[in-house]
Amino acid sequence: MKIFFAVLVAFFALFFPSCVQKKVDLNFQDESFIAPDQEWLVVTVPYAAFRISADFSSEICFHARSGDIFLICGKQKVQVVNPDEKKSSKDYLVWYKVEQGWIDGSLVAVYDTRLKVEAAAKRAYEKN
């Protein structure tokens, strides 16, 4: 009978504390992770160069690695020009402006929340 009682006490001691409500503190002082008017980008290639203007011929002003996160300040569509034919095509490239400079959209992924971009940055960092 003592063994049964000891097993019963051990059972209750191990399994029922997990059913107790735990107080969780949520801090909503910093709402930047869900701001609807902000977009974030994460670098998806091993190395990327930021430029002074939205053009491949402009000077490089900053470098980033895979998984680096930046807040988007602006966006610009640039028509592709074929240097051999000296004329514009119907294709466009999207360039993103961040505090450090301009980056080609093919080198990054864009997300609408900070939480999503942080998860994507972790995956990009692990992949590369």
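**Close-up views of a predicted model**

**View 1. Helix α2 over three strands.** Helix α2, residues 114-127, lies across β1, β4 and β8 and runs at about 0° to β1. The model shown here and in the other views is predicted.

**View 2. The open sheet β4-β1-β8.** Three strands form this open sheet in the order β4-β1-β8, with antiparallel pairing. The edges are taken by β4 (69-71) and β8 (108-111); each has a single partner strand, so one side of each is left without a neighbour in the sheet. On average, and with direction ignored, neighbouring strands of this sheet are turned by 25° against each other. Strands β1 (residues 40-43) and β4 are joined in the antiparallel sense over three bridges. F70 in β4 is the bridge partner of L41.

**View 3. Pairing of β2 with β3.** Strand β2 covers residues 47-51, and β3 covers residues 60-65. Five bridges link the two strands in the antiparallel sense. Within this pairing, A49 stands opposite H63 of β3. Strand β2 is mostly covered, as four of its five residues are buried.

View 4. D104 belongs to strand β7, residues 101-104. This aspartate is buried yet has no salt bridge. The nearest side chain of opposite charge is that of R51, 8.4 Å away, whereas a salt bridge requires a side-chain nitrogen of Lys or Arg within 4 Å of a carboxyl oxygen. The side chain of D104 does make a polar contact of 2.5 Å with the side chain of S106. Leaving aside residues up to four places away in sequence, D104 touches F56, L93, V94 and W95.

**View 5. Salt bridge between K116 and D112.** The count of salt bridges in the model comes to two. One of them joins the side chains of K116 and D112, at 3.1 Å from N to O. K116 has a relative accessibility of 43% and therefore counts as partly exposed. D112 is also partly exposed, because its relative accessible area is 40%.

**View 6. Salt bridge between E118 and R114.** The side chains of E118 and R114 meet in a salt bridge of 2.9 Å, N to O. Both residues lie in helix α2, four residues apart, which is about one turn of the helix. With 36% relative accessibility, E118 counts as partly exposed. R114, at 26% relative accessibility, also counts as partly exposed; the cut-off for a buried residue is under 20%.

Terms used
Residues are numbered from 1 along each chain as its sequence is written. This is a predicted model: local features need pLDDT of at least 70, side-chain atom pairs count only at pLDDT 80 or more; totals for chains, interfaces and linings use all residues. Side-chain values use heavy atoms; hydrogens and water are left out. Buried means under 20% relative accessible area, exposed over 50%, partly exposed in between (1.4 Å probe, protein chains only). Lys and Arg count as positive and Asp and Glu as negative; His and the chain ends are not counted. A polar contact is a pair of N or O atoms within 3.5 Å; within protein, one must be able to donate a hydrogen and the other to accept it, and residues adjacent in sequence count only if both atoms are side-chain atoms. Contact means heavy atoms within 4.5 Å. Two strands pair if DSSP finds at least two bridges between them. Axes are lines fitted to C-alpha atoms, for helices over the stretch in contact, and angles run from 0 to 180 degrees between N-to-C directions.
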